Amino acid sequence: MKPLRIALTKGRLESSAAKLMEGAGLDCSALRQKGRRLILPIGDSLEAVLAKAGDVITYLEQGVCDLGVVGKDVIMERGGRFFEILDLGFGKCGFALAAPAGADFYQGYQGKTVATKYPNVAKRFFQSKDMDVRIIKIEGSVELAPLLGLADGIVDLVETGETLRENGLAVVEPVAEVSARLIVNAASLKLRKREIEDLAAKLEEQIHT
Ligand code: PRP
């Protein structure tokens with residue numbers, strides 16, 4: 001049987017995933033010494049594919065990878081047709097609405113503008129509050145937008161809160177909790193149910209030790 005293919009989000013999530021899989025008894029030595037290679041064996045039964053977060057979902061949806069490790073932030077923003085089967089417990093952070101420290105974001109009647117890398121997440125958050133907010137998509141370092149006078153606030157990921165603090169911003173309200181998730185292609189879950197469930201069970205046991 002060919003190995004199950006697992007797409008890992010390159011970077012921090014990839015190394016946390018390797019640590020978790022090693023703890024579960026899987027051989028991640030090739031992944032640890034990967035050089036520039038993008039497809040690496042994990043023992044005999046798994047193969048890691050290293051990809052950018054959004055692409056992890058694309059490869060899974062297109063059926064060329066069976067499993068994926070991706071942040072809930074990307075899942076919430078991008079959506080897609082796959083099953084989310086396990087909270088992996090690492091990559092923990094949160095989405096929050098933030099604004100200049102001391103400012104009352106909700107005060108006043110004029111329309112608010114919010115900058116974000118995650119327009120769908122922001123849209124849903126304000127819809128749930130029945131607020132009509134103008135949303136501007138920014139590619140990175142979203143904290144700049146209120147500092148430059150472009151936005152009243154931001155919806156962004158907050159981990160330690162350091163970036164907000166150092167730029168004179170503060171959390172107004174948490175939006176959602178985020179962590180890495182194990183996702184599975186629907187067809188793979190049917191065709192290779194046993195192997196996938198075995199792997200998920202091993203990882204889950206490791207998360208709880
Ligand atoms: C994320 C996020 C914040 C920062 C939060 O940025 O967008 O800027 O991390 O972390 P902290 O609360 O620990 O300071 P990332 O490093 O992903 O870069 P980018 O937003 O510029 O893409």
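Which residue in β4 does I6 stand opposite?

**View 1. Parallel pairing of β1 and β4 in the predicted model.** I6 stands opposite L67 in β4. Strand β1, made of residues 4-9, and strand β4, made of residues 67-71, pair in the parallel sense over three bridges.

**View 2. An open sheet of six strands with mixed pairing.** The strands follow the order β2-β3-β1-β4-β11-β5. Because β2 (39-42) and β5 (83-87) stand at the edges and each has a single partner strand, one side of each is left without a neighbour in the sheet. From one strand to the next, the twist averages 30°.

**View 3. Helices α1 and α3 against the six-stranded sheet.** Helix α1 (residues 12-23) packs on the sheet, where it touches β1, β2, β3 (46-51), β4 and β11 (180-184), and its direction makes about 135° with that of β1. Helix α3 (residues 53-61) lies across β1, β3, β4 and β11, and runs at about 150° to β4.

**View 4. An open sheet of five strands, also with mixed pairing.** Here the strand order is β8-β7-β9-β6-β10, and the edge strands, each pairing on one side only, are β8 (133-137) and β10 (169-178). The twist in this sheet averages 25° from one strand to the next.

**View 5. The pairing of β7 with β8, and helix α5.** Strand β7 (residues 112-116) pairs with β8 in the parallel sense over five bridges, and V114 stands opposite I135 in β8. Helix α5 (residues 119-128) lies across β6 (93-100), β7, β8, β9 (153-158) and β10, while running at about 170° to β8.

Note on methods: Residues numbered from 1 in each chain as written. Predicted model: local features only at pLDDT ≥ 70, side-chain atom pairs only at ≥ 80, totals over all residues. Heavy atoms only, no water. Pairing = 2+ DSSP bridges. Helix = DSSP H or I, 4+ residues; strand = E, 2+ residues; numbered from the N terminus. Axes fitted to C-alpha atoms, helices over the stretch in contact; angles between N-to-C directions. Contact = heavy atoms within 4.5 Å.
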